[in-house]
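Here is a short report on one structure. It starts with a single residue and then turns to the sheet.

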Amino acid sequence: MAVVFEKPKTLTDAVLHYCPGCTHGIIHTLVAQAIEELGIEGKTVGVAPVGCAVMAYNYFTCDMVEAPHGRAPAIATGLKRALPDNIIFTYQGDGDLAAIGTAETVHSATRGENITVIFVNNAIYGMTGGQMAPTSLPGQITQTTPYGRDTSTAGYPVRICEMLSTLDGVAYAERVSVDCVSNIRKAKAAIQKAFQNQIDKKGFSIVEVLSSCPTNWGLTPVEALDWLRDNMIPYYPLGVYKDITGGDK
């Protein structure tokens with residue numbers, strides 16, 4: 001029988017620790033497929049910070065470096081400058097990249113560091129129990145906003161792709177989702193393009209992936225995907241926000 005699909009060799013055989021219905025596993029697969037299909041496994045180094053992604057080093061066969069909370073872009077910058085011929089990527093959640101790591105993200109982007117950032121946005125702090133994140137939606141109920149996020153006191157969510165697309169050093173910024181097959185295919189293409197940009201020395205590339213968090217949203221896996229489609233995508237529109245090769249939103 002012909003093999004039509006198999007696990008990328010760039011993923012280990014470790015059992016994923018993520019909650020049932022969490023889409024981190026899908027995103028891991030897309031990253032691994034990009035690394036494998038581009039033939040860059042032997043020279044790729046990933047950077048995993050604190051958060052749900054903290055044990056990503058268990059799942060990729062490439063070299064991985066653990067970063068302090070929020071500092072993945074700074075670690076990636078050092079790695080890329082020390083090893084310019086290697087491919088360096090970070091894998092970060094919204095609590096990491098858009099909160100404690102905002103400065104590292106913005107400044108590595110504006111410097112045009114030739115790295116690839118995979119940004120997983122599930123609109124909540126996942127690993128630490130479901131507190132409000134910088135990306136939590138207005139009115140969203142979390143552990144720290146039991147009556148919903150009040151923008152008069154908590155402000156508005158941070159739209160990372162829109163913000164970073166204004167910076168001259170950014171080569172590519174796209175927001176994708178993994179809520180359905182067609183969007184998963186688009187997400188794979190975006191991730192592969194972000195890695196290809198680094199190979200081509202284009203500069204800083206970021207792919208923001210809208211992801212579900214059934215456990216902390218208090219929903220079933222299917223309900224969580226519906227919530228993502230009905231609430232996150234309208235607030236965080238999918239698409240290319242910057243592409244120096246053409247196709248700005």
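A polar contact is a pair of N or O atoms within 3.5 Å; within protein, one must be able to donate a hydrogen and the other to accept it, and residues adjacent in sequence count only if both atoms are side-chain atoms. The side chain of serine 211 makes such a contact with the side chain of threonine 23, at 2.4 Å.

This is a predicted model: local features need pLDDT of at least 70, side-chain atom pairs count only at pLDDT 80 or more, and totals for chains, interfaces and linings use all residues. Residues are numbered from 1 along each chain as its sequence is written, and side-chain values use heavy atoms, with hydrogens and water left out.

Serine 211 sits in the loop between β6 and α8. Helices (H or I, at least four residues) and strands (E, at least two) are DSSP runs, numbered from the N terminus. Serine 211 has a relative accessible area of 1%, so it is buried (under 20%, with exposed over 50% and partly exposed in between; 1.4 Å probe, protein chains only). Residues that serine 211 touches (heavy atoms within 4.5 Å) include His24, Asn121 and Trp217.

Now the sheet. It is open, with 7 strands in the order β2-β1-β3-β4-β6-β5-β7 and mixed pairing. Two strands pair if DSSP finds at least two bridges between them. β2 and β7 stand at the edges with a single partner strand each, so one side of each lacks a neighbour in the sheet. Strands β1 and β2 run parallel, joined by 4 bridges. In one of these, valine 45 partners aspartate 63 of β2.

| Strand | Residues |
|---|---|
| β2 | 63–66 |
| β7 | 239–243 |
| β1 | 44–48 |

Key:
Lists of a residue's contacts leave out its neighbours within four places in sequence.
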